[in-house]
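Please open the model in your viewer and keep the selection panel at hand. We will go from stop to stop, with a word on what to select at each.

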Amino acid sequence: MCGIIGYVGKQPAASFIVEGLKRLEYRGYDSTGVAVVAEGRISVVKKIGRVAQLEQELAKRPLAGTFGMGHTRWATHGGVTDANAHPHVSSDGKIVLIHNGVIENYASMKTFLLGKGYTFQSETDTEVLGNLIAYHYAKAAESGEENRCLASVRKALRHTEGTYGIVVMCVDFPGEMVAARKGSPLIIGLGDGENIVASDVSAIVARTQSVVYLKDGEIVHLSAQEFRITTLGQSAVAPLVDRVTWSVAAAEMGAYAHFMEKEIFEQPTALENAMRGRFSEDGSTANFGGLNVSAGEFRSMESFAFCACGTALHACRVAEHMIERFARLPVECDYASEFRYRNSPLFRNTLYFVMSQSGETIDTLAALREAKRKGYKVLAVTNGVGSSIAREADGGIYQHVGPEIGVASTKAFTSQLLIGSMLALYLARMRDMSFSDGVTFVKALKGAPDLVRQALGQAPLIKAIARRYAHVRDMLFLGRLSLFPIALEGALKLKEISYVHAEGYPAAEMKHGPIALITEECPSVFFAPSGEILNKIISSMQEIKARKGPIIAIVTASVELPAGLADEIIVIPECHEAVLPIVASIPVQLLSYYIAVERGCDVDKPRNLAKSVTVE
Ligand code: M6R
């Protein structure tokens with residue numbers, strides 16, 4: 001939800017900012033803008049469209065200067081217009097700012113500011129905050145207050161309700177930048193004679209790998225040479241400097257056509273990274289550092305609860321299946337957005353997990369806070385090192401799959417599935433699972449990257465199938481047990497990137513409603529792995545076939561379907577139950593990807609979406 005970047009240094013600001021915006025574009029991409037403060041003036045170029053269009057505009061109207069900021073927007077308040085694009089300049093021309101988040105009390109602020117003579121060019125909440133900062137700045141200037149840029153931001157934020165990550169500059173103090181966060185991520189990149197503030201590290205790794213993760217309620221005041229963090233209440237904060245462990249190449253597309261394609265094909269390596277060093281020496285169970293919950297505490301838990309959004313919730317649903325199946329412990333799964341308001345009764349000895357690729361999803365963060373408020377320990381499974389969720393959780397498990405840039409989650413999802421299975425193993429081995437079953441389980445997990453490689457080998461076949469079905473308007477995804485969440489995920493993948501209406505259902509449940517959709521024009525993707533209920537799945541396929549619905553079957557290697565039942569067959573390797581959902585995800589990721597490409601969709605930046613949803 002909006003990418004922001006601010007730069008103070010000795011290099012030309014605009015070109016660096018544009019490069020940063022390209023890396024942040026996945027966070028929002030309906031409009032973009034850059035502002036530079038130089039020679040007593042704030043100059044802004046902003047427009048609707050992508051960063052590439054902004055770049056063309058900047059070629060016509062270059063912005064010279066070494067202090068500046070840039071923004072890529074996902075609209076919240078106000079439509080997608082040039083005027084609503086950021087940066088916003090206060091009506092007295094003193095303050096320029098960019099913002100990620102939502103100012104909830106903007107209406108009352110605006111009424112107050114209109115009364116004071118401030119005027120507005122846009123419909124955004126951001127411009128209101130900019131003018132409020134300008135109002136406090138003017139008062140501070142009158143009284144000759146020191147550090148007025150910082151002081152005016154602090155005063156304005158004390159009256160601000162909602163969420164924000166902001167970068168502010170003042171025309172009178174070029175070379176100074178103030179940034180603050182509450183609920184929206186911000187990091188500080190520490191360079192050589194330059195400092196950068198950005199929504200995430202991808203925007204800064206080309207220049208520096210030294211970062212400080214700003215916390216909620218903190219303000220940073222920077223120049224090219226130094227930075228100082230304080231709280232809203234003016235207490236000094238000792239910064240903790242971290243090192244980013246991945247390089248800029250990890251955030252580049254290389255020879256692939258899209259980030260999504262790259263990330264799908266990276267999955268064998270991503271899985272290896274997610275499991276590295278996480279098995280016991282005797283090879284019979286999983287080990288996690290950083291849980292901050294002792295084995296004894298884990299052992300005493302009577303139930304587990306998972307909260308997440310979107311794809312991460314589907315991974316939680318598979319974890320639910322695995323923990324119940326192997327550890328025989330009850331698990332609850334909930335939409336984070338519902339959990340936070342549902343006030344559901346909870347068992348006393350319950351351990352909470354939240355899952356989030358970005359670690360910044362506001363609903364998931366709010367669910368974490370709600371569970372903690374109720375006195376529960378909450379662990380996070382996240383890919384976002386240093387993210388809000390990682391920091392606020394009591395402990396957790398990093399996914400270690402590197403940056404995921406495509407809006408559609410793929411490698412993060414399968415690594416979450418892997419971690420769910422590893423958790424199930426860890427819990428099961430504390431209970432009834434034998435040593436030898438544990439060893440078999442571990443071997444199966446270690447074999448997952450190779451099985452995924454084999455499944456990826458079906459890409460040419462899946463591409464050809466995608467061509468045949470790319471024109472359809474509706475598609476069903478049907479699976480059972482641990483593959484029901486993969487059916488949900490297949491449907492989500494398809495709809496988010498190709499805009500084809502798709503639904504995921506338990507295969508047998510399909511006859512209680514969705515079967516009404518079945519025509520020759522509505523294909524069904526069936527998961528039909530070998531196992532006890534294969535015949536039941538085949539019966540469901542027969543019901544679809546009887547109504548002339550095309551069938552795309554994803555079967556494991558030993559399955560032989562009745563002749564003519566499926567129109568298309570995609571074979572994946574036979575595998576252990578703990579690994580099956582991971583391997584079965586590959587064909588639906590590829591199918592969605594190729595259908596979206598065939599339909600000419602913008603795969604990495606689907607309409608209306610953003611990678612990291614930091615507004616409620
Ligand atoms: O960063 P998170 O895992 O918390 O994101 C949750 C969802 O917004 C995300 O999974 C979304 O559903 C993806 N676009 C799915 O591909």
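Start with the open sheet: 8 strands in the order S3-S2-S4-S1-S10-S9-S11-S15, with antiparallel pairing. Strands here are DSSP runs of E with at least two residues, helices are runs of H or I with at least four, and both are numbered from the N terminus. Two strands count as paired if DSSP finds at least two bridges between them. Colour strand S3 (41–48) and strand S15 (242–243) to see the edges, since each of these pairs on one side only.

A note before you go on: this is a predicted model, in which local features need pLDDT of at least 70 and side-chain atom pairs count only at pLDDT 80 or more, while totals for chains, interfaces and linings use all residues. Residues are numbered from 1 along each chain as its sequence is written, and side-chain values use heavy atoms, with hydrogens and water left out.

Next, select strand S1 (residues 3–8) together with strand S10 (residues 195–198); they pair antiparallel over 4 bridges. Show Tyr7 and you will find Ile196 of S10 opposite.

Helix H1 (residues 13–24) lies across S1, strand S2 (31–38), strand S4 (67–73) and S10, and runs at about 155° to S1. For these angles, axes are lines fitted to C-alpha atoms, for helices over the stretch in contact, and the angles run from 0 to 180 degrees between N-to-C directions.

Move on to helix H13 (residues 411–429) and pick out Leu423. Is Leu423 buried or exposed? Leu423 is buried, at 1% relative accessible area (buried means under 20%, exposed over 50%, partly exposed in between, with a 1.4 Å probe and protein chains only). Leaving aside residues up to four places away in sequence, Leu423 touches Phe288, Phe306, Phe353 and Ile397.

The last stop is the ligand. Select the 14 residues around it, the closest being Ser356, Gln357, Ser358, Thr361 and Glu496 (a residue is near if one of its heavy atoms lies within 4 Å). Look for these distances from a side-chain N or O atom to a ligand oxygen:

- Ser356: 2.6 Å
- Ser358: 2.6 Å
- Glu496: 2.4 Å

Taken alone, the ligand exposes 410 Å², and the protein buries 91% of that (Shrake-Rupley areas, 1.4 Å probe). To finish, highlight helix H9 (310–327) and helix H16 (484–498), the elements that give two or more residues to the ligand shell.

Technical notes: Contact means heavy atoms within 4.5 Å. A polar contact is a pair of N or O atoms within 3.5 Å; within protein, one must be able to donate a hydrogen and the other to accept it, and residues adjacent in sequence count only if both atoms are side-chain atoms.
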